[in-house]
Amino acid sequence: MKNFEAIILLILCTLFFSYFSKFILEIDDLIINSLAEQLTYEQINEVAVLQQKWQWLSYIIIPLLLLLKTAIIAAILDAGCFFFGKEIKYKKLFNIVVKAEFIFLLVIIFKTAWFYFFQTDYNLEDLQYYYPLSALNIIGYEGLQPWFIYPLQVFNLFELAYWVILAYLIGKELNESTDKGMSIVASSYGVGLLIWVVGVMFFTLNMS
């Protein structure tokens with residue numbers, strides 16, 4: 001699958017599953033209910049109108065964020081290949097990252113299924129903090145310091161699968177083992193992810 005076809009398919013699938021989840025879990029109603037204790041009825045109506053008016057922006061923001069994320073990770077992996085004295089064309093790295101990104105569609109599917117079939121009594125906070133197969137689900141978010149929540153969400157089996165897929169595809173492209181690919185992924189994407197998580201923790205700590 002070519003880069004253009006793969007990224008378009010990823011964007012379409014992400015939009016579809018995101019809006020299907022939003023509809024089936026009635027997320028808009030949860031947002032309105034969460035505002036009921038803070039705003040008047042008229043203010044809530046204004047928020048609802050604005051929400052509907054600017055909903056189209058998400059059709060632009062989601063694809064842009066996906067493209068930006070994919071492009072940045074491909075560039076980081078490119079630097080990792082250079083560090084190990086290996087070379088993969090950026091277009092091929094971009095395609096590898098896009099293929100690996102499909103694993104995160106399962107996060108939306110698992111999350112939707114969990115709240116629709118199992119935890120049917122939920123609020124907006126439950127949806128915000130739930131991340132399937134993550135360390136946060138084992139520990140629970142109640143009573144937890146806010147700056148601990150994000151790293152515990154990132155520590156999940158889907159992220160691990162993402163690393164393995166990247167490592168396998170990079171190793172295959174280089175005609176090397178998956179272990180070699182994992183070394184490249186860990187030394188580049190892994191370091192970048194660690195810096196990102198620490199940055200989010202620092203920002204959350206200062207905002208809380």
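Leucine 57 has 30% relative accessibility, so it counts as partly exposed (that is, between the cut-offs for buried, under 20%, and exposed, over 50%, with a 1.4 Å probe and protein chains only). Keep in mind that this is a predicted model: local features need pLDDT of at least 70 and side-chain atom pairs pLDDT 80 or more, while totals for chains, interfaces and linings use all residues. Numbering runs from 1 along each chain as its sequence is written, and side-chain values use heavy atoms, with hydrogens and water left out.

**Around Leu57**
- Leucine 57 sits in the loop between helix H3 (41-53) and helix H4 (58-83); helices are DSSP runs of H or I, at least four residues, numbered from the N terminus.

**Cores**
- The largest nonpolar core has 37 residues, and Leu77, Tyr162 and Ile170 are among those with the most contacts inside it; such a core joins buried Ala, Val, Leu, Ile, Met, Phe, Trp, Tyr and Cys through side-chain atoms within 4.5 Å.
- H10 gives this core its largest share, seven residues.
- A second, separate core has six residues, including Leu25, Leu30, Phe115 and Leu127.
- Setting aside neighbours within four places in sequence, isoleucine 170 is in contact with Leu77, Ile88, Leu93, Ile96, Gly181, Ile184 and Val185 (contact: heavy atoms within 4.5 Å).

**Helix H9**
- In H9 (residues 146-154), the buried residues are Ile149, Pro151, Leu152, Gln153 and Val154.
- Their cover includes helix H7 (124-129), helix H8 (135-139), helix H10 (157-173) and helix H11 (178-207).

Notes:
Helix = DSSP H or I, 4+ residues; strand = E, 2+ residues; numbered from the N terminus.
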